[in-house]
Amino acid sequence: MTFAGVEPKETVSPATAGEVAALLRDTSGSVVPMGSGTKTGWAAPPASCDVLLRTGGLDRVTEHEPGDLVVVAEAGVRLGELQRRLAPYGQQLALDPPEPDATLGGIVGANASGPRRLRYGTVRDLLIGVTVVLADGTVAKAGGKVVKNVAGYDLGKLYTGAHGALGVVVSTSWRLHALPAARTAVVAPVESAAEAGQLASRIARSTLTPTAVELRWSEGHGELVVLFESIEASVTAQSQAAITRLGRGVCADDVPEWFGRRPGGDGDLVLRLAYEPFALPRVLDALPAPAVTTASACTGVAYAAVPAGTDLAALRAALAPYDGSAVVLRAPGALRAEDHWGPVPDSFGLMKRVKDQFDPRGRLSPGRLLGGL
Amino acid sequence: MNQQQHAPVPPDTGGPVHDPVRAERLAARLRAALGPGKVLSDPAQLRTYECDGLAVYRVRPAVAVLAGERDDVVRTVRICAEEGVPFVARGSGTGLSGGAVPVADGVLIVLSRLRRILDVDPDNARVRVEPGVINLWVTRDAAPHGQAYAPDPSSQQVCSIGGNVAENAGGAHCLKYGFTVNHVTGAEVVLPDGDVVHLGGTAPEHPGLDLLGAFVGSEGTLGVTTEVTVRTIQAPETVRTMLVGFHTVEDAAGTVSDIIAAGILPAAIEMMDALAVEAAEAAVQCGYPEGARAVLVVELDGPRVEVDALFTQVEEIAGRRHAFEIRIAADDAERALMWRGRKSAFAAVGRISPAYYVQDGVIPRTRLPDVLTEMGRLADEAGVRVANVFHAGDGNLHPLILFDDKQPGAAEAAEELGMAILDLCVDAGGSITGEHGVGLEKKGKMTRQFSADDLDTMQLVRCAFDPAGLANPGKQFPTPRLCGERPGVRTAADTHDPALGEVF
């Protein structure tokens with residue numbers, strides 16, 4: 001198989017962290033780690049791939065003490081499988097990226113999130129410990145398996161979203177949350193971008209505590225979903241209060257089919273946008289007209305499918321006043337790293353120094369990161 | 001020193017001799033760059049800055065710079081970089097692990113005059129501040145908009161946001177809301193070579209490596225922050241607080257476990273044992289239940305209907321665990337009193353002991369009963385009294401080790417016990433620090449929690465940010481290898497600890 005259009009010379013599937021370490025210690029070529037391969041387009045294609053390192057063999061849930069609300073699991077464990085194992089204890093890892101079969105390592109590497117980030121945050125908020133294998137085969141851990149811990153640098157943050165370019169994540173520990181007892185969604189129509197902003201703001205500036213507020217947007221109108229997940233009495237009262245605040249909407253037992261899915265199909269250019277939350281209407285207006293967008297309406301993150309020929313530089317310039325960025329998740333053709341990630345910030349020199357320290361020979365996921373790192 | 005929190009044993013050092021000629025030359029250069037009135041080099045004036053909240057570690061810097069604006073910090077760091085002089089940033093100086101203790105012959109950069117709130121943006125739920133701004137001021141300025149800044153260390157009336165960022169400060173409410181790192185979206189940072197970079201920003205995420213995530217909690221070893229953007233939260237519709245008295249510590253710990261097992265995530269669950277309660281009563285007359293072996297403060301917040309239902313459930317859980325008194329705060333004044341007892345507990349211990357020493361360890365929550373039993377055994381063996389205050393919801397212990405500093409050997413025994421308790425935490429699968437940081441105090445314990453490879457890997461970050469090792473050297477890590485040195489060759493272990501110079 002190819003990886004983001006690059007043909008690996010060799011594919012390996014180690015079964016233990018020790019085997020990953022041996023591989024990196026005993027070889028010198030470029031290595032690109034991959035879980036289920038659901039997000040290979042989320043970073044630029046690798047400059048080379050001598051070894052495609054599939055992490056699916058690292059599939060053990062190594063510790064779960066329900067009373068501590070903590071789980072330790074290897075990088076190749078699939079999120080869905082982990083959730084199935086936690087559910088009987090009334091627990092969940094509160095991450096909901098929609099990619100089917102995504103592994104924990106892949107979710108960390110790509111920093112994937114979903115609608116419930118509004119309540120629970122993202123990988124950086126839930127990952128409490130991590131073990132990686134470095135470019136020279138060193139096995140190193142950071143963090144631990146307690147939710148509160150400030151000993152040493154928090155390298156888990158650095159590995160999150162690094163696409164394996166600093167080290168191969170082999171094990172992860174996570175803070176868990178209780179599964180909610182009940183859920184209700186409020187679904188409301190939205191007639192203009194300005195209105196989308198107003199409605200999102202009415203929820204954001206209220207004392208309501210939704211787990212997600214999602215907007216589906218295309219052709220100048222859309223649908224807003226406010227999801228409440230708590231005890232029965234709370235979701236009933238809060239959904240009624242939300243309808244009152246919005247001045248519209250109906251309750252639904254479940255979310256619409258589009259909820260939490262990334263928009264777009266084959267041939268689309270799919271983007272991940274981040275911006276100041278209040279800029280939502282201006283971001284919607286900046287997208288080219290045929291765009292289909294799903295926004296986490298109160299957090300400042302959206303996913304947009306835009307036509308293949310969209311002028312990314314112009315779009316990025318339009319988002320810049322809102323501290324905005326647009327990163328390509330899927331492209332119909334090959335893109336340069338610069339087009340993939342956008343311009344580099346003033347901290348890029350520092351990012352390069354970090355990469356050079358962790359991977360002096362540039363063998364891990366070469367060229368995948370911002371600025372071609 | 002009496003009735004003041006401190007670590008008992010001054011570090012052993014044969015530090016370098018203060019070099020007055022070099023110090024005066026450095027001060028002159030800084031004065032020329034910053035103007036007069038911002039550079040202190042008179043030993044008498046420098047005394048104020050010799051220590052932070054962990055008063056036993058005292059080092060006099062060569063120079064202290066009282067930065068009045070951002071560019072003072074940039075100029076100072078550039079001069080330090082050119083001269084190869086180490087520097088330490090200091091906020092309010094309330095840290096409890098010695099993280100802001102100066103370096104002898106180095107520069108202390110005092111940020112407490114950088115205290116402007118630059119922007120309050122309720123629509124985006126962001127507040128942008130200078131590093132010397134006091135934690136509580138952020139909530140004060142966000143409150144008119146119905147918002148609040150969640151991290152609430154007990155010192156929140158005096159501690160600074162810059163210090164909070166350095167230490168990744170927590171607080172009683174981080175069980176539900178997370179720590180500083182979960183609430184900082186951006187920082188302007190002066191790197192140790194004097195370059196200024198912007199990490200993160202106002203958007204929730206940014207392309208590229210999450211350097212901000214690594215910077216928060218780096219205890220001043222990666223640079224100095226000159227501006228911080230934090231996220232605010234909506235203040236909850238309702239807050240309800242109860243104080244629960246138990247006849248045994250086990251019942252209190254069991255109640256904590258049962259609350260969590262029921263799927264309830266309180267805003268805070270705090271626990272105090274009999275000795276801590278006695279001290280708090282003596283200090284602030286907070287009216288805690290008499291005769292309790294353990295007290296819990298449980299706070300729920302959120303939508304009223306949800307909080308009311310869960311609050312009743314918590315009462316039932318506590319009742320099943322034989323709570324003998326459940327007191328519910330009827331109004332804000334009563335709630336404030338319940339918290340006053342808890343938040344004043346450290347200082348209050350000074351009422352019942354000539355001196356004391358605070359530790360900060362973390363254990364998996366389920367290990368609480370057996371770790372407490374073992375701690376009690378160690379304390380008895382050592383003949384030392386220990387008062388316990390915990391953020392019980394997340395397993396963060398704050399044992400307060402009481403001793404009489406007039407007794408020969410008592411301080412050493414207290415410190416020894418503190419370190420044994422940390423070993424207990426690590427052996428239980430926990431951490432040597434949950435929120436106070438490693439600083440000077442616990443850097444020697446890092447090897448208990450992390451392997452040499454783990455620590456060398458963390459050092460890679462240090463070498464990327466600060467290859468010359470000038471930013472707060474000698475803190476957080478035990479004698480790291482030098483940048484560029486091959487792993488495993490630890491020549492630095494033989495050299496003098498740069499963090500420690502003159503010790504009084």
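Predicted model: local features only at pLDDT ≥ 70, side-chain atom pairs only at ≥ 80, totals over all residues.
Residues are numbered from 1 along each chain as its sequence is written, and chains are lettered from A, with ligands numbered from 1, in the order in which they are written.

Chain B has 16 helices and 19 strands, these being DSSP runs of H or I over at least four residues and of E over at least two, numbered from the N terminus. Its radius of gyration, taken over C-alpha atoms, is 23 Å, close to the 23 Å that the globule rule (2.2 Å times the number of residues to the power 0.38) gives for 504 residues, so chain B is as compact as a globular protein of that length.

Turning to the sheet, five strands of chain B form an open, antiparallel arrangement in the order S5-S6-S10-S8-S9, where pairing requires at least two DSSP bridges between two strands. The edge strands are S5(B), residues 117-121, and S9(B), residues 196-200. S5(B) pairs with S6(B), residues 126-129, over four bridges, and B:Ile117 stands opposite B:Val129 in S6(B).

Finally, the contact between the chains, counted where C-beta atoms placed from the backbone lie within 7 Å, takes 71 residues from chain A and 71 residues from chain B. On the side of chain A, the largest share, seven residues, comes from H12(A).

Methods:
Contact = placed C-beta atoms within 7 Å.
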